[in-house]
Amino acid sequence: MRPQSIVLFDRLFLASLVLALINAVLAYSTLVEEVEADPALAQIGGGPIVMGVVLTSLLIPLALWYFIAHRASNIAKWLLVAMVAIGLFFGNFSFSDGFSLPAVLGLVVTLLQVVAIVLLFRADARAWLEGDAAASE
């Protein structure tokens, strides 16, 4: 049986991915315009590039979520921690242009992911991810 911290991680991280997808759909036309503003990328087309980036940015974390929440992979945990940390480092959390819906959703996604990651460091989650099922029950 999965410990409570893993169950909460499961729900929060999936919620963050759903919100990230909604955010990508809402910002799609803006993202396409930004990509097409680059002459080299405009030749390929903004739509395929944006779709590829969105799919990759959702599928990789989704795969890591699966291996953490359902296969108790400590390696996947550390890969996800690294990805979220890199996202925090390179993220644009400026509201200088105002509080647009995509900006607010992006912040909510980040907060959900950080809280979900923190849950992976609670004692019951650590024990479960390290393979000590008896200690996590």
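Guide: Let us begin with burial: a residue is buried under 20% relative accessible area, exposed over 50%, and partly exposed in between, using a 1.4 Å probe and protein chains only. By that rule Asn-23, with 13% relative accessibility, counts as buried. The model is a predicted one, in which local features need pLDDT of at least 70, side-chain atom pairs count only at pLDDT 80 or more, and totals for chains, interfaces and linings use all residues. Residues are numbered from 1 along each chain as its sequence is written, and side-chain values use heavy atoms, with hydrogens and water left out.

Visitor: How many residues does the protein chain have, and what percentage of them count as buried?

Guide: The protein chain has 137 residues, and 34% of them count as buried. Its C-alpha trace spans about 55 × 30 × 20 Å along the principal axes.

Visitor: How many helices and how many strands make up the secondary structure of the protein chain?

Guide: Helices (H or I, at least four residues) and strands (E, at least two) are DSSP runs, numbered from the N terminus. In this chain there are 8 helices and 0 strands. Read from the N terminus, the order is α-α-α-α-α-α-α-α.

Visitor: In which helix is Asn-23 found?

Guide: Asn-23 belongs to helix α1. Its C-alpha atom is separated by 17 Å from that of Ile-60, which is 37 residues away along the chain.

Visitor: What lines the largest pocket, and which residues lie nearest its centre?

Guide: The general idea rests on a 1 Å grid over the protein atoms alone: a pocket is an open set of points with protein on both sides within 12 Å along at least five of seven lines, whereas a cavity is a set where a 1.4 Å probe fits but cannot get out; lining residues have an atom within 4 Å of a point. Grid points are joined across faces, edges and corners, and the volume is the space filled by probe spheres set on the points. Here the largest pocket holds about 1400 Å³ of space. Its lining consists of 41 residues, and Asn-23, Gly-91, Asn-92, Gly-106 and Thr-110 lie nearest the centre. Two or more lining residues come from each of α1 (4–26), α2 (28–36), α4 (46–69), α5 (74–90) and α6 (101–119).

Visitor: How many residues of each class are in the lining of the largest pocket?

Guide: Ala, Val, Leu, Ile, Met, Phe, Trp, Tyr, Cys and Pro count as nonpolar, Asp, Glu, Lys and Arg as charged, and the others, Gly among them, as polar. The lining has 26 nonpolar, 13 polar and 2 charged residues.

Visitor: Is Asn-92 buried or exposed?

Guide: Asn-92 counts as exposed because its relative accessibility is 67%. This residue sits in the loop between α5 and α6.

Visitor: Which residues make the nonpolar surface patch?

Guide: Patches are made of residues with over 30% relative accessible area and no salt bridge; like charges are joined within 9 Å, and nonpolar side chains (Val, Leu, Ile, Met, Phe, Trp, Tyr) within 5 Å. Accessible areas come from the Shrake-Rupley method with a 1.4 Å probe, and for residues only the protein chains shown count as cover. Val-18, Ile-22, Leu-26 and Leu-101 make a nonpolar patch of about 360 Å². Helix α1 gives the largest share, 3 residues. Leu-26, which is found in α1, is partly exposed because its relative accessible area is 44%.

Visitor: Which residue forms a salt bridge with Asp-10?

Guide: A salt bridge is a side-chain nitrogen of Lys or Arg within 4 Å of a carboxyl oxygen of Asp or Glu. The structure holds 1 salt bridge. Asp-10 is joined to Arg-2, with the closest N and O atoms 3.0 Å apart. Asp-10 counts as buried at 9% relative accessibility, whereas Arg-2 counts as partly exposed at 27%.

Visitor: Where does Ala-72 lie?

Guide: Ala-72 is in the loop between α4 and α5. Although not a glycine, Ala-72 has a positive phi of about 50°. Ser-73 also lies in the loop between α4 and α5, and counts as buried at 19% relative accessibility.
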